[in-house]
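Subject: Structure handover

Hello,

The structure we spoke about is below, followed by notes on what was found in it. Please read the notes with the model open.

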Amino acid sequence: MRIPPKKIVSSLTQLQKKESINQTLKKRPRNRPVLVFGYGSLLWKPIILFKGYEKAKLNGWSRKVCSWTVHARGTVKKPGLVFSLDKDKAGCCEGLVFELDEAFLEQDLETLWEQEMHSNLYKPQWLPVITQGGPCLAIAFTINQNHPLYAGDIPDDKAVDIISAANGVFGACADYFTTTTQSLRNLGLNDSRLEEIVRLIQQRTTKK
């Protein structure tokens, strides 16, 4: 486990976000719609004007509890934890792919980058996902392991202690986990590790 930062991490400038969007679009598959892979809050708080969505699986990556939050779901004095998309050769991550509307493409990408790239915690990249309609490429925001907010591997018991005690400007850290897990269930998607963490969180809450 890596030690959390002692202060709020600096945000990317608007110019830096714009450049990141441009660099990502340069690798856009030719004559294909822009798809975005959602695996966290996008499942229950879609902030983009998407044309449609479908279930998708991303192999070689997992939804891991590996990122510190010192603002949204925690503070510098009492940091929380959130999950991110981390490399995992033997793993997979179930989520949704959202198809962006070309008429609102610029607006949607700016909104996404404002949420996902404000601290440069993630690396946006095109990754192959599997859907019922077949394989396709989608933008996925993967964890930057060199970032100060990257927490590394944390045992479930330790993670639950941290999660259960943290609150930030967006609310309780524990709510982030329970809401996402319920959304996955409602969508018929599976994440056994996340289910176990939520079970431990609820168990910890009941004992208080």
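Some conventions before the rest. This is a predicted model, in which local features need pLDDT of at least 70 and side-chain atom pairs count only at pLDDT 80 or more, while totals for chains, interfaces and linings use all residues. Residues are numbered from 1 along each chain as its sequence is written, and side-chain values use heavy atoms, with hydrogens and water left out.

Cysteines

A disulfide is taken as a pair of cysteine sulfur atoms within 2.5 Å. By this rule the count is 0 disulfides. For Cys93, the closest cysteine sulfur is that of Cys92, and at 7.5 Å it is too far for a bond. Cys93 is buried at 0% relative accessibility, and Cys136 also counts as buried, at 13%. The classes are buried for under 20% relative accessible area, exposed for over 50%, and partly exposed in between (1.4 Å probe, protein chains only).

Strands

Helices (H or I, at least four residues) and strands (E, at least two) are DSSP runs, numbered from the N terminus. Two strands pair if DSSP finds at least two bridges between them. Strand β4 (residues 122–131) pairs with β2 (residues 50–69) in the antiparallel sense, over 2 bridges; here Lys57 stands opposite Ile130 in β4. Strand β4 is also joined to β5 (residues 134–143), again antiparallel, by 10 bridges. One of the residues with a partner in β5 is Gln125, which is bridged to Ala140.

Val36 sits in strand β1 and is buried, with a relative accessible area of 1%.

Pockets

The search used a 1 Å grid over the protein atoms alone: a pocket is an open set of points where a 1.4 Å probe fits, with protein on both sides within 12 Å along at least five of seven lines, and lining residues have an atom within 4 Å of a point. Grid points are joined across faces, edges and corners, and a volume is the space filled by probe spheres set on the points.

The largest pocket has a volume of about 780 Å³. Its lining holds 29 residues, and Ala72, Gln115, His118, Tyr122 and Phe170 lie nearest the centre. Elements giving two or more residues to this lining are β1 (35–38), β2, β3 (80–100) and α2 (105–116). By class, the lining of the largest pocket has 17 nonpolar, 9 polar and 3 charged residues. For these classes, Ala, Val, Leu, Ile, Met, Phe, Trp, Tyr, Cys and Pro count as nonpolar, Asp, Glu, Lys and Arg as charged, and the others, Gly among them, as polar.

The second largest pocket has a volume of about 210 Å³. Its lining includes Arg63, Lys64, Asp88, Cys92, Cys93 and Arg193. The elements that give two or more residues to it are β2, β3 and α5 (192–207), and β3 gives the most, with 5 residues. This lining divides into 2 nonpolar, 4 polar and 6 charged residues.

Aromatic pairs

Rings of Phe, Tyr and Trp (its six-membered ring) pair if their centres lie within 6.5 Å; planes under 30 degrees apart count as stacked, over 60 as edge-to-face and the rest as tilted. The whole structure has 8 aromatic pairs. In one of them, Phe83 and Tyr176 have ring centres 4.8 Å apart and planes at 35 degrees, so the pair is tilted. Phe83 is in strand β3 and Tyr176 in helix α4 (residues 173–187), 93 residues apart. Phe83 is buried at 1%, and Tyr176 is buried at 11%.

Trp113 and Phe141 make an edge-to-face pair, 5.2 Å centre to centre with 75 degrees between the planes. Trp113 lies in helix α2 and Phe141 in strand β5, so this pair ties together parts 28 residues apart in sequence. Both Trp113 and Phe141 are buried. Phe50, Tyr53 and Phe98 are linked by ring pairs into a cluster.

Regards
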